[in-house]
Amino acid sequence: MRKTDGAIRLSASDLMRFKSCRHATTLDLRLIEVGDLAPSEDGAEAELLQRQGDEHEIAFLDQLKADGRSVVEIPKDGLSLEDSVRLTLQAMLDGPT
């Protein structure tokens, strides 16, 4: 979650966080808007969950490809947030090929 040009931008992770814990989203918003909170470092459990989530996403993507599905991959490195959003929206508008 970040604030850009006065608008709050949400990631998929932000939406999942809200789904599982609305209070966590409230704290994230307060951090952005007020800035009086300091998040703690991720512990071992959080790091494990992040790794498992990454592994799940890779396995799911591999399965889509193996099933012959059309997949558009937006690069994660070397792009600004704005470019990533633009490319994602364009891929969604173009639809499956």
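This is a tour of one predicted chain, stop by stop, with what to select at each.

Residues are numbered from 1 along the chain as its sequence is written, and side-chain values use heavy atoms, with hydrogens and water left out. Because the model is predicted, local features need pLDDT of at least 70 and side-chain atom pairs count only at pLDDT 80 or more, while totals for chains, interfaces and linings use all residues.

**Whole chain**

Start with the cartoon view. The chain has 4 helices and 2 strands, in the order β-β-α-α-α-α along the sequence. Helices (H or I, at least four residues) and strands (E, at least two) are DSSP runs, numbered from the N terminus. The radius of gyration, taken over C-alpha atoms, is 16 Å, well over the 13 Å that the globule rule gives for 97 residues, so the chain is more spread out than a compact globule. That rule is 2.2 Å times the number of residues to the power 0.38. Along the principal axes, the C-alpha atoms fill a box of roughly 50 × 35 × 25 Å.

Now show the surface. Its accessible area, from the Shrake-Rupley method with a 1.4 Å probe, comes to about 8300 Å², and carbon and sulfur atoms hold 54% of that. Buried residues make up 6% of the 97 residues. Buried means under 20% relative accessible area, exposed over 50%, and partly exposed in between (1.4 Å probe, protein chains only).

Select D5, in the loop between strand 1 (2-4) and strand 2. Its phi is positive, about 50 degrees, although D5 is not a glycine. Most residues other than glycine have a negative phi. D5 counts as exposed because its relative accessible area is 80%.

Next, select I8, which sits in strand 2 (residues 7-9). I8 is partly exposed, since its relative accessibility is 33%.

**Salt bridges**

A salt bridge here is a side-chain nitrogen of Lys or Arg within 4 Å of a carboxyl oxygen of Asp or Glu. The chain has 4 salt bridges by this rule.

Select R17 and D28, a salt bridge whose closest N and O atoms are 2.7 Å apart. The pair links distant parts of the chain, with R17 in helix 1 (residues 12-20) and D28 in helix 2, 11 residues apart. R17 is partly exposed at 37% relative accessibility, whereas D28 is buried at 19%.

Move to R30 and D36, which meet through their side chains in a salt bridge of 2.3 Å, N to O. R30 is partly exposed at 41%, and D36 is partly exposed at 42%.

Then select K65 and E73, whose side chains form a salt bridge at 2.7 Å, N to O. K65 is partly exposed, with a relative accessible area of 39%.

**Last stop: V34**

Select V34, in the loop between helix 2 (22-33) and helix 3 (44-66). Is V34 buried or exposed? V34 counts as exposed because its relative accessibility is 56%. Finally, draw a C-alpha to C-alpha distance from V34 to K19: the two are 15 residues apart in sequence and 23 Å apart in space.
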